[in-house]
Protein chains: 2
Amino acid sequence: MQYIKIAFDVMGSDNGFKPAIEAALKILKEKKDLKIIFVGKEFEIKSFLKNKKYNLEQVDFFNCEETIDMKDGIMDIRRKRDSSMVRALELVRDDIADGVTTGGATAPFIAGCIFILKRLEGIERPAFMPVIPTILKNKVTLLLDVGANLESDPEDIEKFAIMANAYSRVIKQVKNPKVALLNIGEESTKGTEIHKKAYELLKNNKYLDFYGNLEPRYITSGFVDVVVTDGYSGNVALKSAEGMGKNLLTEIKNSLTKNIFRKIAAFCLKKAFIEVREKFDYKNHAGAILLGVNKIAFKSHGSSDAISFYATLSMTYSAIKNRIVEKMKEALKIT
Amino acid sequence: MQYIKIAFDVMGSDNGFKPAIEAALKILKEKKDLKIIFVGKEFEIKSFLKNKKYNLEQVDFFNCEETIDMKDGIMDIRRKRDSSMVRALELVRDDIADGVTTGGATAPFIAGCIFILKRLEGIERPAFMPVIPTILKNKVTLLLDVGANLESDPEDIEKFAIMANAYSRVIKQVKNPKVALLNIGEESTKGTEIHKKAYELLKNNKYLDFYGNLEPRYITSGFVDVVVTDGYSGNVALKSAEGMGKNLLTEIKNSLTKNIFRKIAAFCLKKAFIEVREKFDYKNHAGAILLGVNKIAFKSHGSSDAISFYATLSMTYSAIKNRIVEKMKEALKIT
């Protein structure tokens, strides 16, 4: 069988390798053409797997002794050559795996992707791009950069737009993606000098259908297909929205279980709440592709649990299946 | 009767003066010691008031012919001397009113506050500070700056902390306010150079109980009493959370009214939803004080409706009643 192969760095996230492996076993049951290579401490991983049921054919191991942890910086990619993150990236570089998924530290991962997987031609700064749910049915918004870069110049932001535009057209099948610039006001004169210059570049790019500035309030409103921003603001916008979503759902839950009467009525609405939670709970959108590198590379939140890892593995799987990198390259040639 | 007097610039917001006046009439019914001076086109305002019921004693007018609109910049404060915004500020400067409320353009309002009302001693950059609801009962978080400044240097951010710390102690009666720096990661090494320097300043300020960095995800979690940030990031964080809150509530509403069965169950839970909405709907938190000026000055969203204006007028009223500026001055002397 021709498997889709993911190199899964299971070591470096906050919660240890167990939720990562639980997530892997879940998706392996569903996707019979998927093989996962567990990269990490083989002995520990195998001990954990001892009593689990799974198809042996779909699992492989790559043993390594080091782990890049959350405190490590970009230089540790060169220092910890036998770390699970570096090894997972090398498996992809050497075409042993088709894509990589990690919950490990962000900065070393980006550095590793750039050094080991290399960048797409013409792209200087890759960007993290999560897929954001919106209140419109079947409409998602691509948001980038959300933190691969701390500071971005106007030219970087234009490149983010070009990449996401290609991704939206080719992968999301949007005919003319609307691209907006995240800004604190709608007028073209709003924001810092970087925003004003980025606005001009985007407006004058004839390959983009530029919507103008979009206020952070409307990221989840589905007005546009792509929202571009510098990495710092993008990260703040994403995490702020995620936190509000989570806390609001908690508040509603508390309010609906205040007394027995409410509990009964709420029970009748369980399915409705599950629908909303599935759409907006950020655990289901915990992964982001690193757009702009030569291979498929996904990062899951450092604090990922099994639900989050499952979501990110699913995204990695479908990115491979859709041949995202090849299609991105073609699309970038056109624009 | 000794009235609390608000100079209310009713002209410059997106939705015209009508929602502003509706909100004023509502609060006047509730607060019998409040007088509102409607600043704007007297003839138009009076025509609108013709068939309304209100206590004549509680209303006053200041006629002026010009309006500062959303496109106007800071120089228009000097150009449009007879605008409702300038006149409202002058009424406060001259102690004819005790505080000002506007829904007008942000940049001219800040400039007007600085030029006409003057800054507090030692404060170079005033900051907008909304009061953020949290999932903890009776706990709010003060967030600043949310957009009075585009860029803030580390010293500005430290001043924001000192001001909000004083406000929290004196007005919110918090004994030892916990103060955090908004950042994209918890570690002290995260963020831009500005964040790293601000972190050091805050950590070394012996008058502050510094919590460390707080990720945007936890703004509404109630971990701290004060969150400080540069104006751009603060604005992005606030608006992003507001948008998520609004869209999530919309999504829930749509899901709960999908069929008649759900509608009935949801009807039984109406009170629970109203509780949550009242706490988290940003219309009820639409106002922000401009902290750091010599008088009480509140700004409501440019797109305020009657609910938002009512909330902002309530905040202005209670700020005056609590003698916020005097208490801030005392508190700033101590730290």
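A polar contact is a pair of N or O atoms within 3.5 Å; within protein, one atom must be able to donate a hydrogen and the other to accept it, and residues adjacent in sequence count only if both atoms are side-chain atoms. The legends below describe a predicted model.

Figure 1. Between chain B and chain A, 24 residue pairs are in polar contact, both residues having pLDDT 80 or more. Elements giving two or more residues to the side of chain B that touches chain A are α8 (231-256), α9 (260-268) and α10 (270-280) of chain B. The largest contribution to this side comes from α8(B), with 19 residues. By residue class, the side of chain B that touches chain A holds 25 nonpolar, 16 polar and 11 charged residues. Salt bridges across the interface of chain B and chain A number 10. In one salt bridge, the side chain of B:K239 meets that of A:E215, at 2.8 Å from N to O.

**Figure 2. Extent of the interface of chain B and chain A.** The size of an interface is often given as the accessible area lost when the parts come together. Here chain B and chain A bury about 5000 Å² between them, with 66% of this area on carbon and sulfur atoms. Three residues, B:R217, B:Y232 and B:M244, supply 16% of the area that chain B buries against chain A, which is more than any other three residues. The contact is made by 52 residues from chain B and 52 residues from chain A.

**Figure 3. Relation of the two copies.** Chain B is superposed on chain A by a rotation of 180° with 0.0 Å of shift along the axis, at an RMSD of 0.0 Å. The two copies are therefore related as by a two-fold rotation axis. Within chain B, the C-alpha nearest the axis belongs to B:A241, at 2.3 Å from it. Both copies use the same surface, since 100% of the contact residues of chain B recur in chain A.

**Figure 4. Surroundings of B:S83.** B:S83 lies in the loop between α3 (76-79) and α4 (84-93) of chain B. With a relative accessibility of 0%, B:S83 is buried. The side chain of B:S83 reaches the backbone oxygen of B:K80 at 2.8 Å. Leaving out residues up to four places away in sequence, B:S83 touches B:C64, B:E66, B:T67 and B:I68.

**Figure 5. The loop residue B:K137.** B:K137 is placed in the loop between β6 (131-133) and β7 (140-144) of chain B. Its relative accessible area is 75%, and B:K137 is therefore exposed, the cut-off being over 50%. A distance of 40 Å separates the C-alpha atoms of B:K137 and B:I68, which are 69 residues apart along the chain.

**Figure 6. Cis peptide bonds in chain A and chain B.** In chain A, A:L144 and A:D145 are joined by a cis peptide bond with omega about -5°. A:D145 is in the loop between β7 (140-144) and α6 (154-170) of chain A. In chain B, a cis peptide bond with omega about -5° joins B:L144 and B:D145. B:D145 is in the loop between β7 and α6 (154-170) of chain B.

**Figure 7. Non-glycine residues with positive phi.** A:R323 is not a glycine, yet has a positive phi of about 50°. The loop between α11 (306-321) and α12 (324-334) of chain A contains A:R323, and A:R323 is partly exposed at a relative accessible area of 41%. B:Q173, also not a glycine, has a positive phi of about 60°. B:Q173 is in the loop between α6 and β8 (178-182) of chain B, and is exposed at 65% relative accessibility.

Terms used. Residues numbered from 1 in each chain as written. Chains lettered and ligands numbered in written order. Predicted model: local features only at pLDDT ≥ 70, side-chain atom pairs only at ≥ 80, totals over all residues. Heavy atoms only, no water. Contact = heavy atoms within 4.5 Å. Buried area = accessible area lost by both parts, 1.4 Å probe. Salt bridge = Lys/Arg side-chain N within 4 Å of Asp/Glu carboxyl O. Helix = DSSP H or I, 4+ residues; strand = E, 2+ residues; numbered from the N terminus. Nonpolar A, V, L, I, M, F, W, Y, C, P; charged D, E, K, R; others polar. Least-squares fit on C-alpha atoms with pLDDT ≥ 70 in both. Buried < 20%, exposed > 50% of the residue type's maximum accessible area, 1.4 Å probe, protein only.
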